[in-house]
Amino acid sequence: MRIAFAGCALTLSILLASCQQSPSITNDANAATPSAAKSGASGPVVVELYQSQGCSSCPPANAALNAIADRDDVIALSFAVTYWDRLGWKDIFADKAYTQRQYDYAGSFGNANVYTPQIVINGKQELTGIKRGELANAVSAAKPYTGGPVIIDKKTAVSIGKASGTAKVWLVRYDPRVQNVAVRSGENGGRTLPHKNIVRSLERLGDWSGATANYPLSKPANAAWKSVILVQSKKTGEIIAAKQL
């Protein structure tokens, strides 16, 4: 276990859960998946994983995200953070913008620091996701967001409808293909780690103040990438609307 200024240093319970890998949970991707969450017309459950190829505790949570990545009722996003790059392996997907997003969540949750793995559900619930069935059960139990604006895909733009509140509007682009990465050094040296739904671009389209507003969309750098719109409360950090484009 390693403790650092920006690593697994939150609380003793989180340290024990997130920095120690148990062999019994490594095959979490093969665990039975509970029935789909009843999000209905309110939209899908947004699941964000913050992880790094340089973190030895991350593979079980990564496998758990991979296991639910193709569910129609879920938007699963894997964000690779940068602060474990100093341990001998630079994560090939990591970006400082993703690290900053995780720090923003730390502020919303009142956490003194960030840690990996961390899974955030709908912007309002956090867990490590390393225990067998933990993530799938949390998704099934997640309460759908209600009262948020309608998102309309206009192909070259998106329209965020009228509702209450103020929010940030994010465009997230991710690669849905499995990316097998051979890690040659660091804590996971010698392992090949499969990634799915890895985030490749995070763009803040602007702010939304409750009135109907349109936001132009740029073209993705890669035609294979998929796009997601997240409308995130400025006050609480909760996801109040989300849509797969």
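1. Let me start with cysteines: a search of the whole structure finds 0 disulfides, a disulfide being a pair of cysteine sulfur atoms within 2.5 Å. Two cysteines are still worth a look. C55 has a relative accessibility of 3% and so counts as buried, and C58, with a relative accessible area of 1%, is buried as well. Here buried means under 20% relative accessible area, exposed means over 50%, and partly exposed lies in between (1.4 Å probe, protein chains only).

2. A word on what you are looking at. This is a predicted model, in which local features need pLDDT of at least 70 and side-chain atom pairs count only at pLDDT 80 or more, while totals for chains, interfaces and linings use all residues. Residues are numbered from 1 along each chain as its sequence is written, and side-chain values use heavy atoms, with hydrogens and water left out.

3. Now the overall picture. The protein chain has 4 helices and 13 strands; these are DSSP runs numbered from the N terminus, helices being H or I with at least four residues and strands E with at least two. Of the 245 residues in the chain, 53% are buried. The chain exposes about 10,900 Å², and carbon and sulfur atoms supply 51% of that area, as computed by the Shrake-Rupley method with a 1.4 Å probe. Among contacts with a separation of 6 or more, 71% are between residues 24 or more positions apart, where contact means heavy atoms within 4.5 Å.

4. β5 and β6 form a hairpin with 3 residues between them, and K155 in the turn has a positive phi of about 70°.

5. Which way do the side chains of β6 point? A157 and S159 point one way, V158 and I160 the other way, and all are buried. In a regular strand the side chains alternate between the two faces of the sheet.

6. Next, the charged pairs. A search of the whole structure finds 8 salt bridges, each being a side-chain nitrogen of Lys or Arg within 4 Å of a carboxyl oxygen of Asp or Glu. One of them joins K196 and D70, with the closest N and O atoms 3.5 Å apart. K196 lies in the loop between β9 (192-195) and β10 (198-208) and D70 in the loop between α2 (59-68) and β2 (74-80), so this pair ties together parts that are 126 residues apart in sequence.

7. R71 and D73 meet through their side chains at 3.0 Å, N to O, and both residues are buried. In the other, the closest N and O atoms of D207 and R204 are 2.4 Å apart. D207 counts as partly exposed at 38% relative accessibility, and R204 counts as partly exposed at 39%. Shared partners extend this pair, with salt bridges joining R204, D207 and K234 into one network.

8. Finally, where is G237, and what does it touch? G237 is found in the loop between β12 (226-233) and β13 (239-244), and its contacts, leaving aside neighbours within four places in sequence, are Y105, S108, G123 and Q232. With a relative accessible area of 8%, G237 is buried. G237 and F109 are 128 residues apart in sequence, yet their C-alpha atoms are 8.9 Å apart in space.

Notes: Two strands pair if DSSP finds at least two bridges between them.
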